[in-house]
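The sequence and structure are shown first.

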Amino acid sequence: MKIIMLGAPGAGKGTQAKMIADDYGVPHISTGDIFRANIKEGTELGKKAKSYMDKGELVPDALTCDLVMDRIAKEDCKNGFVLDGFPRTIPQAEALTEALQKIDQSMDFAIDVEVDDESIIARMGGRRACTECGATYHIVNIPPAKEGICDRCGSALVLRDDDKPETVKKRLSVYHEQTQPLIDYYKEQGILHAVDGMLSMEEVFAAIKKILGA
Ligand code: AMP
């Protein structure tokens, strides 16, 4: 089962991707998480990616595509995977289609989690991320048991630089310009499904499970 999660930043696709990965036993591949891990480790890739991420811009395709292709070629992806935050541009989607075609495969589902811009801005201002394990929370919708502390690993929670209001507005305009065209791309491939991202986390997940046929 090979799934792509689509949707604006903050639509909840990361949370759903993790739930799908847990439920179906397939890896959750988030390019944002991979970049953040590289930033934390101080790698060359991390340094390059950070300069774009902090401005709300996309990391260039040349730095992103090979990373994902190498990841999905790993043994644990044999039975499928959930892509979260990739592809984000038409060239990335084309690179993915071509890489899979070479091994006689194709993506099975592209799930668009729909949320309007105003709600995205409200949501992201309340988002908090763990500085250690990357878990995400929301001060109103998914609060941690103890304010400012990660339930999973006990580290501090912060408002990520790229979740700050000016950066969120920039990320939304980048989304509409560069990522939204993927909706038509996957519609044409016949694998696009939309879910209402304004519903509760559990309701969105139930809608996704119905689409996946489980
Ligand atoms: P995310 O956690 O998916 O919202 O990603 C955070 C940031 O990482 C984005 O705003 C981009 O700067 C960068 N990023 C993540 N995935 C990609 C991608 N597929 N292509 C380009 N940039 C990306």
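## Basis of the report

The structure is a predicted model. A search of the whole structure finds 16 salt bridges.

## Salt bridges between distant parts of the chain

D108 and K2 are joined through their side chains by a salt bridge, with an N to O distance of 4.0 Å. This pair links distant parts of the chain, since the two residues are 106 residues apart. K2 belongs to strand β1 (residues 2-6), while D108 sits in the loop between α5 (90-101) and β4 (109-114). The two partners also fall into separate accessibility classes: D108 is partly exposed, with a relative accessible area of 31%, whereas K2 is buried, at 11%. K2 counts as buried because its value is under 20%.

A second pair is formed by K40 and E132, whose closest N and O atoms are 3.5 Å apart. Here, too, distant parts of the chain are linked: K40 lies in helix α2 and E132 in the loop between β5 (127-130) and β6, 92 residues apart. K40 is exposed, with a relative accessible area of 51%, and E132 is partly exposed, at 48%. The assignment of K40 follows from the cut-off, because exposed means over 50% relative accessible area.

R36 and D33 meet through their side chains in a salt bridge with an N to O distance of 2.9 Å. Both residues belong to helix α2 (residues 31-41). Because they are three residues apart in this helix, R36 and D33 are separated by about one helical turn. R36 has a relative accessible area of 25% and is partly exposed; D33 is likewise partly exposed, at 32%.

## A salt-bridge network

Salt bridges also link residues into a network. Its members are R127, R160, D162, D163 and R171.

## The second largest pocket

The second largest pocket holds about 210 Å³ of space. Its lining consists of T15, K18, A135, T136, Y137, I142, R152 and M201. Helix α1 (13-24) and strand β6 (136-138) each contribute at least two residues to this lining.

Terms used. Residues are numbered from 1 along each chain as its sequence is written. This is a predicted model: local features need pLDDT of at least 70, side-chain atom pairs count only at pLDDT 80 or more; totals for chains, interfaces and linings use all residues. Side-chain values use heavy atoms; hydrogens and water are left out. On a 1 Å grid over the protein atoms alone, a cavity is a set of points where a 1.4 Å probe fits but cannot get out, and a pocket is an open set with protein on both sides within 12 Å along at least five of seven lines; lining residues have an atom within 4 Å of a point. Grid points are joined across faces, edges and corners, and a volume is the space filled by probe spheres set on the points. Helices (H or I, at least four residues) and strands (E, at least two) are DSSP runs, numbered from the N terminus. Buried means under 20% relative accessible area, exposed over 50%, partly exposed in between (1.4 Å probe, protein chains only).
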